[in-house]
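Please open the model in your viewer and keep the selection panel at hand. The tour below moves from one selection to the next and says what is there at each stop.

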Amino acid sequence: MQRRKLFAVALAGVLATGGLAACGDSPNANKDAANSKGVDFLSIGMPNGTVTESNNPFLGTSAGASLGYRWTIYEPLGMWNNVKPADPAKPWLASDIKWATDYKQLDVTIRDNATWSDGQKLTADDVAYTFNLIKSNEALNIFALPIDQVTVAGSKVTITFTSSQFTTWHKIISQIPIVPKHIWEKIADPAKDPIKEPVGSGPYTLKTFSQQGIVLERRESGYWQDKPAVKELRYTSYTDNNAQTTALASGQSEWSFVFIPNYQQTFVAKDPEHFKVWAPGVLGIHGLYINTTQAPFDDPKLRQAMNKVINRADIFNQAEAGYFHPELKSVTGLPQGAGDAFVTDAYKGQTLAVDVDGAKKILSEAGYKLEGTTLKDKSGKPVTIKLSDPAPWSDYQTTLEIIKSNLAEIGIAATVEKPNQNVWDQNVQKGDFGAVMRWTNGGSTPFDIYQTVMDGDLLKPVGELAQQGNFGRFKSPEATAALKAYANATSDADRTTALATIQKIFVEQAPMLPVGSDNVGGAYSTKNWVGWPSDADNYAPMQPTQSGALDVIMHLKPANS
């Protein structure tokens, strides 16, 4: 699961400097949001800049994915709440969900009253078609699911897998959009088609699409459960974090997942009664992915030394405003609290700390030479690296500047590049980068964190898209085997043994330098709508790009009702 989803770039031609993304006559201009009663629409924003005109629910680079509205059009089998990751999924399109004890077989019963937005009935055949589509199309199988067979008996679908799905069950249930067979079987290339006129089972349909605003309208009939109270969803893609924050503080935007420096003063204090931030933590992390195919960064010793000089406290306090991505302490990269129970015996109590002298010692013993302020590799060449993230991601940009300064302490000359989001995302997936700050997937165990970084099953040659992980092209058959062993273990003892191997490789070979833990939070307003999740009622994640965003929308009621 992609936690951050801040696919942000400069929005040329739409935003004035420091302004808002929606101009006065924009379809998204929420003139009523802060001033009138009886508002029947919800304004949702993300700091994503120019978005790709695509509604393909399987593509992470589509507008539907980056803004989150794909989940209001297409629905999953169930809703998994990553705020409470150990809880079972809430049935959604499936009225009943049953896993075999070995997690190699899934039986789901499909609701008999669901329809597609074109009026056709949603059936078990549509669900079977979706999973067979994923099975037969590697580009759509973003979770690398080992699907064996898919069979249908009436309203029941049985899916078997060649290995245990203990660590991926939540993805299968809640992060695979079910698509209509009668539409998709006519699509020539489902992995590339932009799906300009999406037909889904969700409560909303696409009304208008433009860079100024994307509007979805409520289905007035045919939806399988009670209609949501919100009649329209109006999405705006703001140029960067600052523009998104300004929109929130003015009431122009009512819901976003965005990094807000000094969020109490900048946002909450503007309307303490209505402006809120809720940022629950999860088992996911952020860190510096290193391209391990590029010399000399294919050397674990060099990566170890880099790991020792990263000042995570500075990053937390300066880049993350002391709240957004809490500083990681454990050398295993696991976040405090959520990850404590998963730290194996070998690393209990071992913490990450700045150790410049220790880093220099590692480098010296490995054959590197520090000549003045320049580190020379074993062949005598200066060690340089390019760090890149989209310019609008202000917290990541500050992080990269801190890391640049940290690396200079051991003679590594770093430069910071700021490509636009589309270019950056393609470069990351193709392995065309030096190092990038990025998130990991997250789940109910640490598996997703380590899989995103090290799984050989996700490894693609440089130049081919790696959508779900191993962006740094880290090659370790031992790590891949240990991840498989963990996923397929039938006892806690076997899982602990496998996890010990996984953590040893992560610590000693440093394929990614862990920096901060993750959250699935959001900034929102109760001015027009109430019913948002909270500490008191944490029924779903707050992030509007997660599949659980649909559950949030279904809970909202008018504030004046």
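Helix axes here are lines fitted to C-alpha atoms over the stretch in contact, and the angle between two of them runs from 0 to 180 degrees between their N-to-C directions. Helices (H or I, at least four residues) and strands (E, at least two) are DSSP runs, numbered from the N terminus. The model is predicted, with local features needing pLDDT of at least 70 and side-chain atom pairs counting only at pLDDT 80 or more, while totals for chains, interfaces and linings use all residues. Residues are numbered from 1 along each chain as its sequence is written, and side-chain values use heavy atoms, with hydrogens and water left out.

**First stop: α9 and α11**

Select residues 312–319, which form helix α9, together with residues 394–408, which form helix α11; the two pack at an angle of about 145° with their axes 9 Å apart. Their crossing is right-handed, a crossing being right-handed if the near helix is turned clockwise from the far one by less than a right angle, and left-handed if anticlockwise. Show side chains, and Asp314, Ile315, Gln318 and Ala319 of α9 can be seen meeting Asp395, Thr398, Thr399, Ile402 and Ile403 of α11, where contact means heavy atoms within 4.5 Å. By class, this contact has four nonpolar, three polar and two charged residues (Ala, Val, Leu, Ile, Met, Phe, Trp, Tyr, Cys and Pro count as nonpolar, Asp, Glu, Lys and Arg as charged, and the others, Gly among them, as polar).

Next select helix α13 (residues 447–454) and α14, whose axes come within 11 Å and cross at roughly 155°. This angle makes α13 roughly antiparallel to α14 (angles under 35 degrees count as roughly parallel, over 145 as roughly antiparallel, 65 to 115 as roughly perpendicular and the rest as oblique). The crossing of α13 and α14 is left-handed, and Phe447, Tyr450, Gln451 and Met454 of α13 touch Ala479, Thr480, Leu483, Tyr486 and Ala487 of α14. That contact has seven nonpolar, two polar and no charged residues.

From α14, Glu478, Ala479, Ala482, Leu483, Ala485 and Tyr486 meet Arg495, Ala498, Leu499, Thr501, Ile502 and Ile505 of α15. Here the classes come to nine nonpolar, one polar and two charged residues.

Most residues other than glycine have a negative phi, and most peptide bonds are trans. Select Tyr103, in the loop between β4 (94–99) and β5 (105–110); Tyr103 has a positive phi of about 55° although it is not a glycine. Then go to Pro296, in the loop between β13 (281–290) and α8 (300–309), where a cis peptide bond with omega of about 0° joins Ala295 and Pro296.

Which residues does Thr162 contact, leaving aside its neighbours within four places in sequence? Thr162, in the loop between β7 (156–161) and α4 (169–174), is in contact with Lys104, Pro146 and Asp148.
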